[in-house]
Amino acid sequence: MKRASGVLLPISSLPSPYGIGSFSKSAYDFVDQLVEAGQSYWQILPLGPTSYGDSPYQSFSTFAGNPYFIDLDELVKEGVLTKNECLACDFGNKMDDVDYGKLYQERFTLLRKAYERSRIYENPRYLAFAEENAFWLEDYALFMAVKNCFGGKAWSEWAEDIRLRWEFALDYYREKYYYEIEFYKYLQFQFMEQWTKLKAYANKQGVQIIGDIPIYVAFDSSDAWANPQLFQFDETNMPSAVAGCPPDAFSETGQLWGNPLYCWEYHRQTDFDWWAKRMEQCYKLYDVVRIDHFRGFDEYYSIPFGDETAMNGSWEKGPGMELFHALERKLGRREVIAEDLGFMTDTVRQLVTDSGYPNMKVMEFAFEPDEDVSHLPHTYSQNCVVYTGTHDNDTVVSWYKTLPKEPKAFLHEYMNLTENPVKDIHWKLIRLAMMSTANLCMVPMQDYLGLDGEARMNFPSTLGCNWRWRLKEGQVTKKLLRQIREMTRISFRMEDQG
């Protein structure tokens, strides 16, 4: 990975009059802004369709795309929607916030109208897309149609015949909900058509896309329902154990995520074929893939299914380099970022080293009490990616305000900050990250804007207030872009600086 820099901004956070960011003109404008600011990378959050809690890390499918990101104006141009129909919808009245409740009610009504008017069966590109992606698309579309039939309930609560995928039940639901199934295929076609164009535009402008994938799939997903053999399920297709992390300083009872755990022995027997297909799909969407919770490939935390906390879990051995050797055989050497944050062991560190993938450093962690000193810039190797903060962190402005006295004093000493109060702390921390030896420096848009805690993207282990922040039209100014470009130039992260 070359010495460069980029910006972290989820698609959902782009400006839009329709309640959430999408593959619209604002996305293309943002690519242009990245170019103007001398940036080489745009990092986004997972693109999958979100479920309860609105988290992009809990998706109905690891292969599918989020219909919320389909650009409505493009559908207006196609003639399957009208501008007045789009403007008549109530997506909420806050331009810097995503109201997921209203979005769910309004967006799908519009998308159904578009599908019904589309005559999509006459489009040869759609037919080719459906055939090429049948290995996941058929199960996903059926899953969503049946989920609607059962009032949105998780597949574990469906009637036994379809929950266990008995052949006659599959045939029955495919026939009964034919048009509903086709609707969900149509959405995936529109998503992929629009995203492919946007990515191609970004790449042509010299901007690479960094995608983000969780290591696990959601339990309530077409992946788990359609492929129980991939996971640690019993004979009734229910988990025997689920994912999480052990008790620590942040949680006395640990974290119970509830994701199904992989049956790694089955994956070995199939030469990791499903993982190869998953990663191949990722590289259709992204240029670089950041894998969340990378340590789970070394050891994963297994919690007995049915437990209410993570206290009785145990560490089990993951596939290690065996998986990555298989992926390289099948897909060639591809660019990956290893998210190795959290509890680290010597074996996890060794796996990161053996993989050769750049790992992550977070500036906020460098000055937190009891954190590993490896996040301090003087310890970095070149083969890493430094962030001022991630989607799970507070903005640097808010983080600095709440930093305890002793760590704050150390930060001042480390950075030689003598003014009191410190002005423009976000720029000083950005400069520290940009000047580091890390080959890649990624900065959340909120930090470049110097925003306070109201712009935070996610509070881990909470529901109802996350994944909502959005840019407002005009918030990224020409002055800011010049400042970013100048910082990029003096830190030798510009494309033309070699």
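Student: What is the phi of G38, which follows α1?
Tutor: The phi of G38 is positive, near 75 degrees. This is a predicted model, with local features needing pLDDT of at least 70 and side-chain atom pairs 80 or more, while totals for chains, interfaces and linings use all residues. Numbering starts from 1 along each chain as its sequence is written, and side-chain values use heavy atoms, without hydrogens or water.

Student: How do you know that the span of helix α1 agrees with its 12 residues?
Tutor: A helix here is a DSSP run of H or I, at least four residues, and a strand a run of E, at least two. The expected span is 1.5 Å times one less than the number of residues. Residues 25–36 should therefore span 16 Å, and the end C-alpha atoms are 16 Å apart, so the two agree.

Student: Which residues of α1 are buried?
Tutor: Buried means under 20% relative accessible area with a 1.4 Å probe, protein chains only; S26, A27, F30, V31 and L34 are buried.

Student: What makes them line one face of the helix?
Tutor: The arc is taken from the directions from the helix axis to the C-beta atoms. The buried residues fall within 150 degrees, so they line one face.

Definitions and conventions. Buried < 20%, exposed > 50% of the residue type's maximum accessible area, 1.4 Å probe, protein only.
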